[in-house]
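Keep the sequence at hand.

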Amino acid sequence: MSTTFNHPAIKSPDLLLYSPFQATEQRTILHEESLTFSLYNPQALRISKFEEPEARQRIKEANEQKGNKETVRPVMITCWVLVGALGAMVLLHALFEVHYFLRMIITVFLARFCRKRVHILDETSVYAQLIAKQTPTGLCTTTDIDWLLYHMNNARYLRELDFARADFYERTNLYREICSQGSGVVQGASTIRYRRFLKPLSIFKITSKIIYWDEKTIFMEHRFVTPSDGFVRAIAICRQRLLDCSAEAVMGVLIDRGVKQNGSVEAGVTQVPHVRPEMPLEVARWLECNDISSANLRQQAPAAPQPQSPVPPPPQAVSTHC
């Protein structure tokens, strides 16, 4: 009957934690112990020779598993980082219109630090310097077209005016002067007339200028022009209402601060008379329409309940007894 001998050190789980150098040294010690023990048990020498390759194989497999784990861990970390970044981008686009805010930041930065200052009565055009260099300007992209896929969406025109006004505010210092005297500016009304549509991937520019102001508001005119033929594709008039300050005072400061001379500003020289321009006829008619609309809305609004005066108690009868 054959007997089986299992050396306790050969199948020990501690061998799985040894490095290749330590495993080699351990195998040498095990071999010497097996030879010493074989003097008393000749069969042990035969058994140890068969079991030593198995221990070597287990050590090799353990080292390979450990190496695979060390390789997989950085890959998993990289994958989780990419998934987190993608999730953050999706969440930002779901909660905010990232493209709008990013473009507004770029527009303000270029107007404040890269583009030339202009007088408050000058006409500005978005990307005018780029047009002079014959490079692409405003572009009707695929995100701007209508559902018919044939022309620029009507609502996109008014959105493009936000960037044109931001450029005008920064280059003329209008917004800074408003904030120094008051608390800000809001758009009270706007009207736009479409003359000819903009096709997809067509180039255009927007010109902006102040055409009139009164005590509380500033009126600006914006034009969408195609540089290829100079045709005005659309024209808009916007009414900017100043908060907690006088538009007359703001315009007076900006007019006195510089003078319009060949598109440049020279401080300390005043050659433009501080006179409010005459109200254009289209602005006057537009204000009349707004007044009529406001009057109609006031008539349609439900009347506010008036507080009722307390009813005096009825007089009590006075009886006299004789």
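Does Thr-124 count as buried or exposed, and what is its relative accessibility? Thr-124 counts as buried because its relative accessibility is 3%. Buried means under 20% relative accessible area, exposed over 50%, and partly exposed in between (1.4 Å probe, protein chains only).

This is a predicted model: local features need pLDDT of at least 70, side-chain atom pairs count only at pLDDT 80 or more, and totals for chains, interfaces and linings use all residues. Residues are numbered from 1 along each chain as its sequence is written, and side-chain values use heavy atoms, with hydrogens and water left out.

Thr-124 sits in strand β1, residues 124-125. Helices (H or I, at least four residues) and strands (E, at least two) are DSSP runs, numbered from the N terminus. Leaving aside neighbours within four places in sequence, Thr-124 contacts Val-118, Asp-167, Phe-168, Arg-171, Ile-206, Thr-207 and Ser-208. Contact means heavy atoms within 4.5 Å. Thr-207 lies 83 residues from Thr-124 in sequence, yet their C-alpha atoms are 5.5 Å apart.

Now turn to helix α6, residues 174-181. Its buried residues are Leu-174, Glu-177 and Ile-178. They lie on the same side of α6 because they cover an arc of only 100° around the axis. That arc is taken from the directions from the helix axis to the C-beta atoms. Their cover includes α5 (154-172), β3 (184-194), β4 (203-213), β5 (217-226), β6 (231-243) and α7 (247-257).

Last, the cysteines. Cys-79 counts as partly exposed because its relative accessibility is 39%. Cys-114, at 46%, also counts as partly exposed. The whole structure has zero disulfides, a disulfide being a pair of cysteine sulfur atoms within 2.5 Å.
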